[in-house]
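Please read it alongside the sequence and the model.

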Amino acid sequence: MSPLEMPTASWIVLAVVQALLMLFLAPLATGFSRVIRAKMHSRQGPGVLQDYRDIAKLLRRQSVAPANAGMIFWMTPWVLVVTMLLIGMALPTVTQVSPFPISGDLITDIYLLAIFRFFFALAGIDSNSMFAGIGSSRELTLGILVEPILILAIVVVALVVGTTDLGYISHALANNSWHRPLTIILAGIVCAFALFIEMGKLPFDSAEAEQELQEGPVTEYSGSALAMVKLGLGLKQLVVVQLFLAIFIPWGKASSLTAGALISATIILLVKLFIVFLIAGLIENSMARVRFTKIHRTIFPAFLVAVLALIFLILGW
Amino acid sequence: MNPLVLVCFCVISYAVAAVLSFAGRHHEQASLRLAGVISAFGGLFGIIAGVSTVVMGTHGHSIAHLGQFFSMDMLSALMVVVISVVTMAASVYSINYLEEYFGKGGWKVNILFNIFAAAMTALVVSANVMIFIVFMEIISVASWLIVISDGSAQSKKAGFQYFIIDHIASVLILCAFLIVVSNADSYQFSVIMANPVTGATASIVFLFALAGFGIKAAGIGLHGWLPKAYPIAPSYCSTLISCVMVKIGIYGILKFAILFLGATQLWWGFVVLVFGALSSVLGVMYALAEHDIKRLLAYHTIENIGIILIGVGVSMIGIASHQPLLALLGLLGGLYHLLNHAVFKGLLCLGSGSIVFRMHSKEMDDMGGLAKTMPKTAIAFLIGTLAICALPPLNGFVSEWFIYQSLFSMGKTGTVANLIFGPFGMVMLAFTGALACMCFVKVYGICFTGAPKTQQAANTREVGPAMVTATTALAILCIVLGVCSPWIAPYFSAIAASVLQLAPVTVAHGLSVYPAVADQAILSTPVIMIALALLTLVPTALLYLFRQRRLERRHQGDPWACGYQYEQRMTVSAASITRPMRQMFGFIYNNRPSQSLTERFILPVFYKGTDTAVLSGSKVCLFCIFSVLFVLLFIPFISGVSC
C-alpha cells in the first residue's frame, strides 16, 4: 500500500460532491423507510418524497425554543450536519480508496460519531425538557454499549488488512484479502448489528422512541432547526450504512476517476443502499421494542461474537 | 544558557512568592496578588526552560547539569513544562481566587501552594536518589497540609487518610530505591542507569515501584485517597494535586521501569497495560456515579492516568520484545497525553473552581443555567469537556489517537499475546471514551445548560478577569495542542526517542501526522478543523436558500410536558442521567476495589470509628514524617555507600 497523503484537488471535489449528494439523498432514505413501514402496516402512507416536502416546509418556518434553552441548543443542528458531512466525505462509496483519507481513519470516524452523539445529547438537556433529557440519557447509554462492539469488530478487520484507513481496508477486501473469511464474516455480522443500532431503528430505537418519549432529544426542536436536525439524523443513517458497505461489501466500485466508471459505481451503490434499507426496514417493522433497562442483555452477546471474531483472527481462520 | 539556571529562577520565584505571602500576611490583598504574579512568572521561567530544552534538545540522557544533584534530560524537561503550565495558570487564577480567603488564612495556603510547586519542579530535575526522596517527602507534606488547610473535621479525616496511604507509597518507593542503590553502589541516577538490576530482583524492584508510584499516580485500586483529598483542597491548589502531582507517579514508573530497569521482562509491560486499561474504565465508571463536581473530576484523573499508562505499557512491551517502533509510538502517545491531560484537566479543575467560587456548593444539582450567567467560563469549560472526551480536533483526541495506533501496531506484530492485548486496549479505550462522553454531557448539561435549579445559581455572575484569563488561556492551549499536532508531535517523538535511547522516527509530514508507518493511518487535525469550519457553509446555504419570509428564531414558554403544567424539578438531574448505566453495571458499583484495599485493610489499623481518627490523625502524621526521615538517614548505612 502506498503511503497515505493529502488528497489532490480532484479527489477533494469528488469528496465534497459525494457528501452533498448524501445530504441530498438523506430524506429519500428516511422517506423510503416510511414507505416500507406503511406497507407493512397495510396502510396507504405518505409518498417516498414526503420527507423532502416536510423538510422544505420546516426550513421556511421560524424556530422556537423553550425560554431557558441556550447556545448549545442552537449550535447542535449545525454540528450534526457538519460532522456527518465530514465522515461522508471520507467514505469510499464509489471509489476504491477514500477520496478524503484525512477523515477516513476508523478511529477518527468513531470519534466524529461521538461528537454527533455528544452534542445531540447535550442539546436534549439544554432544551430543559424532561423527555429530551431522558432521551439524551438513553442515547448516551446506547453509545456506551455499542462503541466497544463496533470498535472491536472493525479492529479485527483492520488487523487482517494491517491499516486503520477505511479506503485501504475497502480496497484490500474488494481485491484480495479474503484469506481469513470466517473472521471477516463474523466481524461483519457484529458490525452490521452495531451499526444497525447506530441507525436508531427498532428494536433499539429507544433514544428517539416516537411514542413514549417524543423523539428524545429532538422533542423541543421546531421550524428550520428541526429541519436541520432531521437532515442530520437522516444523513447519519446513510453514513452509517455506507460505512458498513465500504468495509464489508466493497465490490463494484470505480478504480479510476472517469465519468463512466463513477456512474456505473454510483448505480451499483444505489442498488446496495436500496437493499440495505429494505432489509433494515423489514427488520425494524417486524420487531417489538426492547425494554430499555434490559437492552444490555441483548447487546452483550454481540460483544461475545466480536470476541469470537478476534479468536478466529488469532487462529488464522 | 543552561536550562537548569532557568529552572532555578523558576524555583526561586516560587520561593519569593512564598516569602512574600508570609511577609505580607497582614496586607493580604496586595501581597497575595503580587505573589500570584511572581509565581506566574516562575511558571513562565519553567515553561521557557522546558520548551527550550525540548526544542534544542540533543540526544542523550542528561542534557544539562547543575552540580552533582540536578540534571535535566528530555523527560524531565517535559515534566517541568507540565508542572509549569499548570502552576502558571493556577497562579494567575489565584490573583482573583484568593479574594475569598482574605483574612481566612489565604497566605498560609499560598505559601503551601508555592512550596508544593517548587518541590515538584525540583523533584523532576533531581539527579540523585536522596534529593528525589527529600523532595518527594516535601511534596507529600505540603499537599497534606493543603488538604487539611480549611481545618474542618472532614478535611482532617480525608487528609489523614491521604497521608497514611501516601506514606505507604513512600515506603514502597524507598524499598525499590534501596535495592537499586545497593546494586549500583551509588545514589546518582546516571550510575544506577548504567548498572541495571537483573534477574528476579529486577521484577521485585519493578513491583515495588509500580505499587508505590501507582499509589502516587492514583491508579485504580490504589486511588482511594484522591477522590477524598482532592475536593476539599482550595481549587487552585487541588488543580496541582490532580493534574500534576499524580504525574510524578507516572514519572516514577517511567524512571524505574524504563530507565533504571530497561523494561527487560515482557510481562511488566502487560501488567502496566492492563493496570492502565482497568484504571481508565473503572475511573470513569465511578466518575459517572458522582454528583459532586470535584469528586467527579478526581475520578476522571484516575481515568486519564490509566490512558497514559496504556501508552507506557505498550512502550514497555515494545522494548522487551525488541520492537523500537512500538516502544516509540506507545511512549509518544503516553507522554503526549500526559501534557494534554494536564492542560484540559487543569482547565476543568480551575473552571469547576470558578463555579464553586460563585456557587459555594459542589453539588451539581444545585447549578444549571450557568452558561448564561458565566459565559466566558462556560465556553472555556466546554472546550475542556470536548478535549477530555477526546473529540477531534482537540488535544485529547490526538494523543488518544496515537495510543490507539500504538495498540493497533502492537496487534499487527502478530504474536498471540499482542493480538489479545492490542484489541483489548483499544476496546477499553473506546469504552472509556464513550463513558467519558456521557459523563461530561452530564457535567456540562447539568451545570451550564438549561434553567438554573436554585436561586443561588440564578444569582451567579462571571468570575474575575484573572480567573477568566487562566481558564481561557488553557482552553486556547487545548485547541493549539490539538490543531497544531503536526508541528508538536515530532517533539514528543524526540522526547520518547531520547528516553528510549533510540533514533527518533518521523511521525509528521506536512499538515498531517501518522503512526510512523505511513500506510497504517493518517490524521490531520488542522485540515479537519478547516473542513469542519468550511462545511458549516452547507447548512448556512441551505437556510439561506429557504429563507423566504422566515422570522428570526425566538425563545418562549416552557418545554412541553404532555399537557401538564411544567415544573423545573421535572428535568433530569445528575443522578437520573446515569441511572440506566448504574443499573446495567450495578456489579461494578457494588464492589469497589478502593474500599476493599484501603478502607477495609489499611485504615482500620489506625482507627476505629470516625472521631478518634480526627484526634489521633496529626500525631500519626508526625510519626510518619519522622519515620520516613529516619529511614532516609539510614539508607547510607544500610546500603553501605557514600552519598
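## A buried serine in chain B

B:S84 has a relative accessible area of 0% and is therefore buried (buried means under 20% relative accessible area, exposed over 50%, and partly exposed in between, with a 1.4 Å probe and protein chains only). The residue belongs to helix α3 of chain B, residues 74-97; helices (H or I, at least four residues) and strands (E, at least two) are DSSP runs numbered from the N terminus. Leaving aside residues up to four places away in sequence, B:S84 touches B:Y14, B:G43, B:G46 and B:I47, where contact means heavy atoms within 4.5 Å.

## Basis of the values

This is a predicted model, in which local features need pLDDT of at least 70 and side-chain atom pairs count only at pLDDT 80 or more, while totals for chains, interfaces and linings use all residues. Residues are numbered from 1 along each chain as its sequence is written, chains are lettered from A and ligands numbered from 1 in the order in which they are written, and side-chain values use heavy atoms, with hydrogens and water left out.

## The interface of chains A and B

Chain B contributes 86 residues to the contact and chain A contributes 85 residues. About 7,400 Å² is buried between the two chains, and carbon and sulfur atoms give 77% of that area. Buried area here is the accessible area (1.4 Å probe) that two parts lose on being put together, summed over both. On the chain B side, the residues that lose the most area to chain A are B:D519, B:I522 and B:M584, together 9% of what that side buries.

The largest share, 19 residues, comes from α17(B).

## Strand pairing between the chains

Strand β1 of chain A (residues 64-65) runs parallel to β5(B), and two bridges join them; strands pair if DSSP finds at least two bridges between them. In this pairing, A:V64 stands opposite B:R554.

## Salt bridges within the chains

Over all chains the count comes to ten salt bridges. One of them joins the side chains of A:R37 and A:E284 (3.2 Å, N to O). A:R37 sits in helix α1 (residues 9-40) and A:E284 in helix α10 (residues 259-285) of chain A, 247 residues apart. A:R37 is partly exposed at 25% relative accessibility, whereas A:E284 is buried at 4%.

A:R117 and A:E198 also form a salt bridge, with their closest N and O atoms 2.5 Å apart. A:R117 is in helix α4 (residues 106-126) and A:E198 in helix α7 (residues 181-198) of chain A, so the pair ties together parts 81 residues apart in sequence. Both A:R117 and A:E198 are buried. A network of salt bridges links A:R117, A:E147, A:E198 and A:K236. In chain B, B:E290 forms a salt bridge with B:R295 at 3.1 Å between the closest N and O atoms; B:E290 is buried at 10% and B:R295 is partly exposed at 24%.

How values were computed: Salt bridge = Lys/Arg side-chain N within 4 Å of Asp/Glu carboxyl O.
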